[in-house]
Amino acid sequence: IFDWLKHPVPAGFYDNAEGSPLIPLIDSAVKTIDIEIYMMEDKDLHAALRRAMSERKVRVRVVKDGTALGEKCSPLKEMTSDDGADCKDYKQLALDIKAAGGEFVAFNKAELCGIPGKSCFQHGKMVIADGKRALLSTGNFNSSNLCNLKQNPAKCNLDFSFITRRPYVVKNLTKIFEADLKGQRYDVKTLMGRRFSKKVTVSPHSEAPLIEFIKSAKRTIEIENQYLKEEPFNKALIEMASRGVKVNITVASACAFGKPKEKQYKDLTALYSSFDAAGIKTWMFTDKIKINGKPGYMHSKAIVVDGRRAWVGSVNGSAMSMNQNREYGYFFWNPFAVKKLKNILRADHTDSRGESWRDS
């Protein structure tokens with residue numbers, strides 16, 4: 001309660017469509033801002049980082065994925081005459097951060113992927129402010145993920161954020177950030193520690209705690225995710241449904257990016273048919289569902305168990321996301337926060353503007 005009254009950016013759960021806490025958190029920092037991110041193209045974020053450096057002399061450090069899919073401009077590449085004005089400004093931001101004594105580096109995939117020699121992404125979305133508060137988000141720091149209407153995005157994503165000020169959580173997240181900044185291979189699981197692991201998931205070690213979480217359910221499991229194609233995780237859902245646990249799943253429309261190819265169509269049909277057989281109801285989130293007046297897209301990753309415990313994070317339902325990438329997620333059981341998330345998941349799962357997987 002004191003935190004909510006005292007701090008301009010209170011700890012807790014946020015629905016980004018109601019107002020992301022990202023930029024207010026950046027604006028509250030007075031010493032340091034550490035960011036680990038997949039994509040961060042939002043112009044208002046860039047302006048906030050520049051304000052932090054110029055007005056308050058905040059040191060900014062960024063670890064970013066160097067090959068993010070769908071990214072039109074990489075700030076990690078040199079500026080060229082072919083770059084548009086926005087791209088040049090983005091690349092200049094990286095130079096400004098370095099010039100101010102900060103760092104802006106690529107996530108070293110050769111050393112930091114879960115399985116050496118295999119591809120991965122720095123797909124996590126994290127900000128640590130002043131070493132005291134950490135934001136973990138389901139969405140990137142782009143105008144669509146933040147639903148930043150000032151930037152007039154073509155769509156708004158359904159995305160969530162959680163801010164924690166727990167000292168041991170922020171301390172261990174900082175240790176992971178520092179190690180990723182150095183880019184040398186290390187044992188992520190050892191660095192996490194047992195107490196930390198009960199609150200935070202970090203890929204490449206997300207699969208086991210997430211399966212353990214859903215297997216702890218006694219009555220209900222509610223899930224939102226872009227997609228679910230990780231076999232051990234899906235088998236665990238079917239197992240829980242067979243035990244009498246009510247499982248509701250909401251995923252992005254199968255046609256969100258066009259008609260599925262033949263193999264994808266067959267895989268999805270087999271998966272959702274197996275869910276049907278187990279009594280699991282799958283509902284698909286379509287762009288007919290509006291978020292702040294814009295066509296919506298299901299990008300969130302969230303789980304609520306028994307209506308009392310919850311998890312949100314950047315982890316998609318894939319083997320790469322759970323066992324290979326760098327990803328972050330957060331467990332919480334504050335009644336107010338869990339109820340808010342639960343109500344969102346249930347509303348999405350019953351929204352008539354969505355559709356069944358067969359209709360999709």
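Modeller: Let's start with helix 12, on the face turned away from its buried side: that face carries the exposed residues K235 and S242. Exposed here is over 50% relative accessible area, buried is under 20%, and partly exposed is in between (1.4 Å probe, protein chains only). Helices (H or I, at least four residues) and strands (E, at least two) are DSSP runs, numbered from the N terminus. Bear in mind that this is a predicted model, where local features need pLDDT of at least 70 and side-chain atom pairs count only at pLDDT 80 or more, while totals for chains, interfaces and linings use all residues. Residues are numbered from 1 along each chain as its sequence is written, and side-chain values use heavy atoms, with hydrogens and water left out.

Now turn to the other side. The buried residues of helix 12 are F233, N234, A236, L237, M240 and A241. Looking down the helix axis, these buried residues fall within an arc of 155° (taken from the directions from the axis to the C-beta atoms), so they line one face of helix 12. Why would a face show up like that? An α-helix has 3.6 residues a turn, so residues three or four places apart point the same way.

What lies over that face? Among the elements that cover the buried residues of helix 12 are helix 11 (207-215), strand 10 (220-225), strand 11 (246-252) and helix 13 (262-278), contact being heavy atoms within 4.5 Å. Strand 15 (302-305) and helix 14 (319-323) are also included in the cover.

The length of helix 12 works out too. Its 12 residues, 231-242, should span 16 Å at 1.5 Å a residue, and the end C-alpha atoms are 16 Å apart, which agrees; the expected span is 1.5 Å times one less than the number of residues. After helix 12 comes G244, with a positive phi near 100°.

One of the covering elements, helix 14, leads on to another spot. R326 sits in the loop between helix 14 and strand 17 (327-332). R326 is buried, with a relative accessible area of 0%. Its side chain makes a polar contact with the side chain of D180 at 2.8 Å. A polar contact is a pair of N or O atoms within 3.5 Å; within protein, one must be able to donate a hydrogen and the other to accept it, and residues adjacent in sequence count only if both atoms are side-chain atoms.

The whole structure has 21 salt bridges, each a side-chain nitrogen of Lys or Arg within 4 Å of a carboxyl oxygen of Asp or Glu. In one of them, the side chains of R51 and D27 meet at 2.9 Å, N to O. R51 belongs to helix 4 (residues 43-55) and D27 to helix 3 (residues 22-28), so the pair ties together parts that are 24 residues apart in sequence. R51 is partly exposed at 29% relative accessible area, and D27 is partly exposed at 31%.

The side chains of K64 and E71 form a salt bridge too, at 2.9 Å, N to O. K64 counts as buried at 0% relative accessibility, and E71 counts as buried at 15%. Then there is D83 with K91, whose closest N and O atoms are 2.9 Å apart; both residues are buried. Finally, salt bridges that share partners join D34, R61 and E178 into one network.
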